Structures are given as C-alpha cells and as structure tokens.
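Please read it alongside the sequence and coordinates.

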Amino acid sequence: MALAIGEQVADVTATTHDGRTVSLTELAADGPVVVFFYPKAFTGGCTAEACHFRDLGAEFAEVGATRVGVSRDDVATQARFAAEHDFDYPLLADPEGTVSKAFGAKRPGPLMSKRQTFVVDTDLTLLGRISSELDMEKHADEALALLRDRAAR
C-alpha cells in the first residue's frame, strides 16, 4: 500500500553498503531524507539514476538533505556498486524487501522494488513521492525541486 503525503513513514532499520546498521530516524536527524528505490544495482537505468543522485550532491547539501539509495541487492553487491561509481551517500541492502514494503515500493514475492523516490522530513512525515520506471533523472530532479520550494517558503 502506497504512503500518502503527510503520513508517517515507519522507522525502518537496514544495513548500509559499508556494513553499518542505520535507522530512518538516524538518517533524518540533520534534515530531510530522500530515499530512492531502484530495482537492481549495475543495470543501465539504475546506474544512471544513482549516478544522477551522486552528481547532484552539492545541490542536495544546499537544502540540507541526505540521499539514500535502496535496492533488494545484498550488502556485498551494494558495496561493489557504491565503490565502482564513487557514491557519496549510503546504499541500503534490502534483500528481504522490508524497507521497500514499509514505503509501499515492494513488488510481490522476490521481485525487485519499484523505482520510486520518497522525500521524508525529520519527523518522518512523507513530504513527497516520485514515481517513474523510465525517466532516470526525474527522481532526483523532482525531489530537489520539492526541497528547494520548501526551503524558499
């Protein structure tokens, strides 16, 4: 079931690509968190999407946001993906689909997560959701626009 804007996101816990266990509350401690789900590391679209989030790092920092990538890949795969593309943000391993289920991005059974992005405030309130399976830049661009608009208010 998809989360609605304004709803509370569950305080999920997962393992990062470098083996740390983190909670959503920890990630949101210093500002909003942009959690983007991608189906599979090392595939063309997912690599393009994750690299676009990387390339906009300075812009996300300007609005005080943390970026976090999530897929159903295991920690070792996430670690290789992060190293190969020099990602400056954590990738969460979600092999059981627990995180994707909490956000409503889980597909049935062992299938990969939906390509969705969620902008979460420091109190874990959902500020925005972006969905597109085909536009790899839309997720980062729209999340950044939402955060810039919020900061301007």
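Contact here means heavy atoms within 4.5 Å. The model is predicted.

**Thr-47**
- Thr-47 sits in helix H2, which spans residues 44-55.
- Its relative accessible area is 16%, and because buried means under 20%, Thr-47 counts as buried.
- Beyond its neighbours within four places in sequence, Thr-47 is in contact with Phe-42, Phe-81 and His-85.

**Ala-14**
- Strand E1, residues 13-16, holds Ala-14.
- Ala-14 has a relative accessible area of 8% and is buried.
- Not counting residues up to four places away in sequence, Ala-14 touches Arg-20, Thr-21, Val-22, Leu-92, Ala-93 and Val-99.
- From Ala-14 to Lys-138 the separation is 124 residues in sequence and 25 Å in space, C-alpha to C-alpha.

**Cavity**
- The count of cavities of 30 Å³ or more is one.
- The largest cavity holds about 60 Å³ of space.
- Two or more lining residues come from each of E1, strand E2 (21-23), helix H1 (24-27) and helix H5 (98-103).
- By class, the lining of the largest cavity comprises 10 nonpolar and two polar residues, with no charged residues.

Notes
Residues are numbered from 1 along each chain as its sequence is written. This is a predicted model: local features need pLDDT of at least 70, side-chain atom pairs count only at pLDDT 80 or more; totals for chains, interfaces and linings use all residues. Side-chain values use heavy atoms; hydrogens and water are left out. Helices (H or I, at least four residues) and strands (E, at least two) are DSSP runs, numbered from the N terminus. Buried means under 20% relative accessible area, exposed over 50%, partly exposed in between (1.4 Å probe, protein chains only). On a 1 Å grid over the protein atoms alone, a cavity is a set of points where a 1.4 Å probe fits but cannot get out, and a pocket is an open set with protein on both sides within 12 Å along at least five of seven lines; lining residues have an atom within 4 Å of a point. Grid points are joined across faces, edges and corners, and a volume is the space filled by probe spheres set on the points. Ala, Val, Leu, Ile, Met, Phe, Trp, Tyr, Cys and Pro count as nonpolar, Asp, Glu, Lys and Arg as charged, and the others, Gly among them, as polar.
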